[in-house]
Each structure stands twice: as C-alpha cells, then as structure tokens.
Amino acid sequence: MLKYLGAAMLALTSVSAAAETVVVTADKMVDVITGKVIESPAVVIENGRITSILDSRTADWNGKAVKHINLAGKTILPGLIDMHVHLTAVAEIGGYRGLQYTDSFWSAVGVANAKKTLAAGFTSVRNVGSAGFQDVGLREAIDGGWVQGPRITTAAYAIGATGGHCDDNSLPPSLDRQQPSVINTPEEARAKVRWLHKYGAQVIKICATGGVFSLGDSVGGQQLTVEEMKAIADEAHMLHLKVAAHAHGDEGIRAAILAGIDTIEHCSLASDETIKLAVQHRTWFDMDIYNDDYILATGTSNGTEQESLDKEKAIGLKQRQTFQRAVKAGVPMLFGTDAGVYPHGDNAKQFAKMVEWGMTPIQAIRAATSDAAVALGKTADVGAIAVGRYGDIVAVDGDPLTDVRVLEKVSAVIKGGELVK
C-alpha cells in the first residue's frame, strides 16, 4: 500500500512505465477557478483524464500500482491555451521570402513549431488560419501519436473578401492568385463555411478588416459586410462551430460584434463605445499585445515589407492602450499571441505584457486557461486541473500569482498524463 507521507512521498519512484494510473505530486497547485493555491496536491490521472485530486500527505492508493510524476518543489497549473497561433508559419520568413519555399515546406515546419509550443507549456492552441488544410493534417498527426504537439482546434483557411487581408495581394494581375476562401456575398459565405467544415475546420476564422501583413489595404478598413459576417456566424453556429474575426478597425469590430461573432482578434482600434458593446454582448477580445516588441525590433530583417512595418508602428501602442481600456471596462479577455508573427515557443512572454497593461496575474492566467476553455466550448476537457478534464499540467518554479514571468520557463509539461518535458 503506497502512502505519500513527508519524505516518503518525495522518494517514491515510478512503479511501472505501463501503469494506467498516473499520480502527479507537487508542492503547490494553482486552482485557476477559485484563484487559490492548494498545498501538497496529488492529481490522479487515468486513461488521460483526471479522476481525483487528493492531499499527497494523506493519500492511500489501496495497493494500486501507479506511475508517479514527482514535481517536488514546483507549483503546478493547468496546461496553457493560446487562442491565436499560426503553427505553419514562421516569423523568420516574412514578405516575399515565403515565395522561395515549396508548398510542403510549411507543413514540415509546422511539426517543429508544434513541438516547441508544447514544450513551452501550451498543451492546447487554436490555429486561426492555415493554407492547404495544413493545420488539419498537423492535428491529425498529433492526435494519432505520429508527432508531438498540443491539442489543436483548427480553422484551415480564413474567410475574406476579394483583395482583403485573407486574399493574396502580393502578385501582379498576370500572376493573379485568389485564395480559395474568398467570398463576395452572404450566399458564398455560407457555402464556404460548409466547405471548410467538410474538410476539418473546427472553428471559422474571418477577416473583417485589413491587416498589418497584408499589402495595399488599410489596416483598419472594414472588408466584409455585416450581412456577410452574420451569414458566416449563423451557418457556423448551426454547425456548432464558433467564429473568430480578425479585426483591427473600430467599424469592423463593431460589425463583427453585432453579427454575432464569438471572438474578436487584435481589436487594436476599438473605441470606448465599441468596448461597451462588447461588454453588453459578452464578446471575447483576443489581443496579441506582446508581438509588437518583436516586429519593431526585427524591422525588415526577416523580409517584412516596410509598408507592414509602418502599419505596426501606427497601431502597436494604440492596441495596448485599447487592451488597457477593455480590461478596465470588463470585456471578457483571452490569451492569444499570433505566434508565427514572432517565434514559436515564446508564447508565454505575453503574460507579463498583459499584467503591465492592466491585468492581475490570475486574470492573465485565466485568459490562458479557464476562460479560454469557455471560449473554445471545451470546459469538459481543458482549462483547469479538475476531475473529468484532461491531465494537462505545467510546472513552474516560484509563484505565478505574484510573478507571472515564471510561466516563461516551465520546468515540466504533462499532456494527458504523459510527461512530455
């Protein structure tokens, strides 16, 4: 009979690598739902899911063989969730440099980026835009155990208007290449949602306004009509899919909220009136307020066009100020980084920026755990160390509730009860 008592708990070793029951012990555990710290937790995981959370000082396993993951001296939290990534993109290859690589290159680097993301403590991500259904293939490979990576909610192609942020404006008319996700009417929008769902989209991404890295458009200009956005939202919701809208400009953000879009990405130029509307509709804001540092620091060295750099200079600070106003107003906020615009694996650097611009540490952590699970519609699976959810756990040195930067260097990562770092 195994008992975890004082030093005996720390000395216990793995009984069997093939044991179905895994027990994770640590000094402390952050309960993200209550915001409390639990001393001496013992998290029991069977077949990948948490079956009980006990006090390791008094737990009795009734002679049951367990595989023990001993995280003595550490604090554990639920696996982190990044709600805005592009795993099949790399920050180091920007602008026209991307045309130098064959199509399958991006799927290959996606495998490496997925592993980096998981090692950084992000056991779940929402991949909001990928060409060629590359993210769907990556998810299938991860779920099948062929490669290592986080749980991915896939969007595949992002839906946009002709000439908009989700189209391709980098080539002359003689080399015209329209993205397969382009729509120009509400009817086309509905059909595109069905097509994406058919081939593996689990969330629908739209481009409501211009963007930083699209050429020839206004970063804040609205590019889809309210009617088109509403058709997408209605069709997606009928299929039990949520919708994320890329939107920098105030008009596009407001239109997306009124159309019933679930999460608004970037939100750089939202006015106070639009922020109030988001509070009223309980629409999530998902704001990537860290990557401005990387974009401005690297300039055009990665191939970023000067036009894109100028756009970022114009909105970067304004986005952070909008974030501050949104937090203060009570907009429900998520943790999304736009990884792929900056190097994968540095996702957790955004926590400190969120705290710097108005959040408490627990608010920032919830944005990447329990709140993200709500926005994903996956509270039965992820977002907390709780009975019934996946055994997705990260361990850190120190107290993340007083110094959120400890999340930038996780010392252990567990996915579904398996120690992967």
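Helix H6 (residues 250–259) is largely enclosed by the rest of the structure, because seven of its 10 residues are buried. Buried means under 20% relative accessible area, with a 1.4 Å probe and protein chains only. Helices (H or I, at least four residues) and strands (E, at least two) are DSSP runs, numbered from the N terminus. This is a predicted model: local features need pLDDT of at least 70, side-chain atom pairs count only at pLDDT 80 or more, and totals for chains, interfaces and linings use all residues. Residues are numbered from 1 along each chain as its sequence is written, and side-chain values use heavy atoms, leaving out hydrogens and water.

**Helix H6**
- The buried set in H6 is Asp250, Gly252, Ile253, Ala255, Ala256, Ile257 and Ala259.
- These buried residues pack against helices H5 (226–238) and H7 (272–281), and against strands E12 (242–247), E13 (263–266) and E14 (284–286).

**Nonpolar cores**
- A nonpolar core is a set of buried Ala, Val, Leu, Ile, Met, Phe, Trp, Tyr and Cys residues joined through side-chain atoms within 4.5 Å.
- The largest such core has 81 residues, and Ile204, Ile206, Ile264, Phe285 and Phe351 have the most contacts inside it.
- Domain 1 (21–79 + 384–419) and domain 2 (80–376) both give residues to this core, so it lies between them. The domain bounds come from an automatic or database domain assignment.
- A second, separate core of 15 residues includes Val43, Ile393, Ala395 and Ala412.
- Leaving aside neighbours within four places in sequence, phenylalanine 285 has contacts (heavy atoms within 4.5 Å) that include Ile253, Ile257, Ile264, Ile275 and Met333.

**Strand pairing**
- Two strands pair if DSSP finds at least two bridges between them.
- Strands E1 (residues 21–31) and E5 (residues 67–78) run parallel, joined by seven bridges. Lysine 28 has threonine 75 in E5 as its bridge partner.
- E5 also pairs with strand E16 (residues 393–396), antiparallel, over four bridges. Here proline 78 stands opposite isoleucine 393.
- E16 pairs with strand E17 (residues 412–415), again antiparallel, over three bridges.

**Confidence**
- The chain averages a pLDDT (the predictor's confidence in each residue, from 0 to 100) of 93, and 95% of the residues score at least 70.
- Residues 1–18 have pLDDT below 50, and this stretch has 41 contacts in the model beyond near neighbours in sequence.

Key
Buried means under 20% relative accessible area, exposed over 50%, partly exposed in between (1.4 Å probe, protein chains only).
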